[in-house]
Amino acid sequence: MNSQDLTRRHFLTAAGIGTLGLVAAACGIDSTDDAQQELGPELTYNPDLGGTGVNPVGSISVSVEAGRLGRDVALVNAQGTAVKGEQSPDRKTFTVSEPLGYGAEYTWRGTAIGDNGKKAPLRGTFTTLAPDSQINVVVNVADGQTVGIATPIILQFDGTIEDKEAVEKALTVTTTPPTEGAWAWLGEDNGSRAHWRTKEYFAPGTKVRMDAKLYGVDMGEGAYGAADVTSDFMIGRSQIVKADAASHQIVVIRDGAPLMTLPCSYGTGDLDRNVTRSGIHVVSEKYEQFNMTNPDAGYFDIPERWAVRISNNGEFIHANPETLGVQGASNVTNGCINLSLEGAQQYFETAVYGDPVEVTGTRLDLSEADGDIYDWTIDWGQWKSMSALGGEPKTKDVPATPKGAPVPASKSKASG
C-alpha cells in the first residue's frame with residue numbers, strides 16, 4: 001500500500017463519521033513524510049544482490065543512508081563463516097577486507113538502524129566467478145635468502161599467460177636503495193615466464209621485495225591467478241668470476257679486489273657442443289658431488305666433485321683430475337670449466353646463487369638456446385622492449401637445449 005492509498009483511507013474514514021473539520025485537517029497532512037517514517041534505512045549493496053561472476057578481489061561493501069549499520073553486519077560464506085571486513089568510523093559502510101573464494105556464494109547478514117529508529121535487515125546473496133582454469137607461479141628466490149649481484153627474479157607459470165599486460169600490472173619490485181630494473185617475458189618453457197632484471201648489477205646489501213598480486217587477475221582465455229606470491233631477499237657481497245678462455249684461468253673478484261686466481265681448462269674445439277659459451281652466466285646451483293653425462297662425448301654418470309652450475313646447458317665450474325695436466329695451459333674440456341680438486345673446493349665454498357661468471361674469449365655466445373638464465377646476454381634497450389607494458393612481449397618457443405648442444409644438467413646431467 002503506498003502513501004496515496006494511506007491518505008485516501010484516512011480521508012474516507014473521516015468522511016464516514018461526518019466530521020468536516022477532520023476531513024479538512026487530513027487534506028493538510030504531508031503523506032510522503034508520514035510514509036517514509038514507517039520505512040527502515042535504505043541500503044546500497046556492491047555488488048548488486050543476486051550478482052554472478054563477481055571478482056573475488058573486487059570492491060565488496062554495503063552502505064546505508066540516513067542511518068548506521070549494526071555491529072552484527074557480516075558477509076558469510078556457504079558454511080556460515082564470516083569473512084573479514086571493517087566498518088567505517090561513522091558506521092555507514094562495511095567493506096570486505098580479504099579475498100573471497102572462486103565460484104562461491106556469499107550472503108549478507110545483520111541489521112541497519114535508520115535515523116528514525118527503524119531497523120532494516122541485511123539480506124541477499126551474490127556469487128563469485130568460477131575460472132575455467134587457475135594458473136600457479138613459482139618464484140626462484142626464497143624469503144630470507146642472500147644472493148649474488150646478478151640475480152634475476154624469475155616467475156615460472158604452470159600455464160601460458162595470454163594477457164601478459166594484465167599480469168605484469170600486478171607485479172611490483174621494491175628495492176632499497178632504489179635500483180633500475182624491468183620485467184621481460186622470455187620464451188615459453190612448460191608455461192610462460194617473466195624475469196625482472198636490473199640494468200646493472202645490484203649494489204651489495206640491497207634489500208629486495210617482489211609482490212605478485214595475481215589472485216583474481218584475469219590472465220586471458222578463462223584463466224585466473226591461483227594465488228598471490230611474494231619474496232623478500234637480500235643481495236650479499238659482490239663476487240664476480242672473470243673467466244677469459246685465452247688466459248686458461250679464472251679470477252674471482254670479491255668486492256672489487258682479486259680473491260683468488262685459479263688455473264683451469266675451458267671447452268674448445270671444432271664441435272659446438274664442446275665450446276664454453278661466452279657471455280655473463282649466473283650461478284644457479286652447486287653440489288659437492290654431481291654425476292655428469294654427455295652421450296655425444298661418450299661418458300655417463302661420471303661423479304665429479306665441487307660442481308657449480310653456471311648454465312642450464314650443462315656448463316659447470318668443477319673439479320676434474322683428468323684434465324689436471326693441462327689446466328692453466330690448454331682448453332680441452334667438453335664445455336665446462338675444469339679446476340683442480342683443491343681449486344674447485346676453494347671456489348665452491350665462496351659461490352652463491354646469482355653470482356655472475358663473465359666468460360670471454362670463445363667463439364660461441366651464450367644465448368636463449370643454452371638455458372633458463374641468459375638474461376645478461378640481452379642489451380638493456382632490447383630487454384625493456386620485452387616487457388608487456390613497454391613493448392611487444394617475446395613469446396617465441398625455443399627449446400632449452402638445441403640439437404648438438406650439451407645435454408641439459410637439470411636432470412643430473414652435465415657436459416663436463
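These legends describe close-up views of a predicted model. The model is read with local features at pLDDT of at least 70 and side-chain atom pairs only at pLDDT 80 or more, while totals for chains, interfaces and linings use all residues. Residues are numbered from 1 along each chain as its sequence is written, and side-chain values use heavy atoms, without hydrogens or water.

**View 1. An open sheet of four strands.** The strand order is β1-β2-β6-β5, with antiparallel pairing. β1 (42–46) and β5 (85–87) are the edge strands; each has a single partner, so one side of each lacks a neighbour in the sheet. From one strand to the next, the twist averages 15°. Strands are DSSP runs of E of at least two residues, helices are runs of H or I of at least four, and both are numbered from the N terminus. Two strands pair if DSSP finds at least two bridges between them.

View 2. β5 runs antiparallel to β6 (residues 93–96), and three bridges join them. Glu86 faces Thr95 of β6.

View 3. Glu42 belongs to strand β1. Its relative accessibility is 59%, which makes Glu42 exposed. Accessibility classes are buried (under 20% relative accessible area), exposed (over 50%) and partly exposed (in between), with a 1.4 Å probe and protein chains only. Beyond its neighbours within four places in sequence, Glu42 contacts Ser63, Val64 and Glu65. Contact means heavy atoms within 4.5 Å. Ala120 lies 78 residues from Glu42 in sequence, yet their C-alpha atoms are 8.0 Å apart.

**View 4. Two cis peptide bonds.** Most peptide bonds are trans. The bond between Asn46 and Pro47 is cis, with omega about 5°. Pro47 sits in the loop between β1 and β2 (61–65). The bond from Thr176 to Pro177 is also cis, with omega near 5°. Pro177 is in the loop between β15 (171–176) and β16 (181–186).

View 5. Most residues other than glycine have a negative phi. Ala66 has a positive phi, near 50°. Ala66 lies in the loop between β2 and β3 (67–69) and is partly exposed, at 46% relative accessible area. Trp306 has a positive phi near 55°. Trp306 is in strand β27 (residues 299–309) and is buried, at 9% relative accessibility.

**View 6. The largest nonpolar core.** This core holds 36 residues, and Leu155, Phe157 and Leu214 have the most contacts inside it. Elements giving two or more residues include β12 (137–139), β17 (193–198) and β21 (229–235). β14 gives the largest share, four residues. Leaving aside neighbours within four places in sequence, Leu214 touches Phe157, Val167 and Met219, among others, by the contact criterion. A separate second core has 23 residues, among them Val252, Tyr266, Val283 and Val308. A nonpolar core is a set of buried Ala, Val, Leu, Ile, Met, Phe, Trp, Tyr and Cys residues joined through side-chain atoms within 4.5 Å.

**View 7. The buried face of helix α5.** Gly343, Ala344, Tyr347 and Phe348 are buried in α5 (residues 341–348). Viewed down the helix axis, the buried residues of α5 fall within an arc of 135°, so they line one face. The arc is taken over directions from the helix axis to the C-beta atoms. An α-helix has 3.6 residues a turn, so residues three or four places apart point the same way.

Key
Axes are lines fitted to C-alpha atoms, for helices over the stretch in contact, and angles run from 0 to 180 degrees between N-to-C directions.
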